[in-house]
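This briefing covers charged pairs, a surface patch and model confidence. The sequence and structure are shown first.

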Amino acid sequence: MMLAVTTVTLLIVMAMALVRGFAGPTIFDRVLAANLFGTKTVLLIAVLGFLFGRPEFLDIALIYALMNFIGVIALLRYFEHTQKTEKGSSAND
């Protein structure tokens with residue numbers, strides 16, 4: 001019963017993260033919401049693994065967590081680089 005409540009709560013938080021991602025005023029708010037959504041997805045996979053008695057779901061959750069971390073770092077580095085080049089080109093104009 002408790003794992004089912006946890007699953008529903010995680011789904012609600014994931015929906016709130018999606019709303020924040022679409023409504024975010026800056027790109028960094030959207031990246032933060034995507035990171036939050038990915039983290040909650042990892043927790044959801046782990047909880048579903050325990051709920052269904054499938055411990056191999058934890059391996060999937062760990063791999064997804066690594067992919068989420070690397071993806072967020074890559075996005076932030078990309079946006080950091082593009083902002084530096086935009087500031088540099090506007091200073092030359």
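Arg54 and Glu56 are joined side chain to side chain by a salt bridge, at 2.4 Å from N to O; the term requires a side-chain nitrogen of Lys or Arg within 4 Å of a carboxyl oxygen of Asp or Glu. The model is predicted: local features need pLDDT of at least 70 and side-chain atom pairs count only at pLDDT 80 or more, while totals for chains, interfaces and linings use all residues. Residues are numbered from 1 along each chain as its sequence is written, and side-chain values use heavy atoms, with hydrogens and water left out.

**Salt bridges**
- The structure contains 2 salt bridges.
- Arg54 is partly exposed at 41% relative accessible area, and Glu56 is partly exposed at 35% (buried is under 20%, exposed over 50%, partly exposed in between; 1.4 Å probe, protein chains only).
- Arg20 pairs with Asp29 in a salt bridge whose closest N and O atoms lie 3.7 Å apart.
- Arg20 has a relative accessible area of 43%, and Asp29 has 22%.

**Nonpolar surface patch**
- Leu3, Phe50, Leu51, Phe52 and Leu58 make up a nonpolar surface patch with about 480 Å² of accessible area together (residues with over 30% relative accessible area and no salt bridge; nonpolar side chains, Val, Leu, Ile, Met, Phe, Trp or Tyr, are joined within 5 Å; areas by Shrake-Rupley with a 1.4 Å probe, only the protein chains shown counting as cover).
- Helix α2 (residues 27-52) supplies the largest share of the patch, 3 residues (helices are DSSP runs of H or I, at least four residues, numbered from the N terminus).
- Leu3 lies in helix α1 (residues 2-23) and is partly exposed at 34% relative accessibility.

**Confidence**
- Mean pLDDT is 91 for the protein, and 96% of the residues score at least 70 (pLDDT is the predictor's confidence in each residue, from 0 to 100).
- Among the elements, α1 has the highest mean pLDDT (94) and helix α3 (residues 57-92) the lowest (88).

Key:
Patches are made of residues with over 30% relative accessible area and no salt bridge: like charges are joined within 9 Å, nonpolar side chains (Val, Leu, Ile, Met, Phe, Trp, Tyr) within 5 Å. Helices (H or I, at least four residues) and strands (E, at least two) are DSSP runs, numbered from the N terminus.
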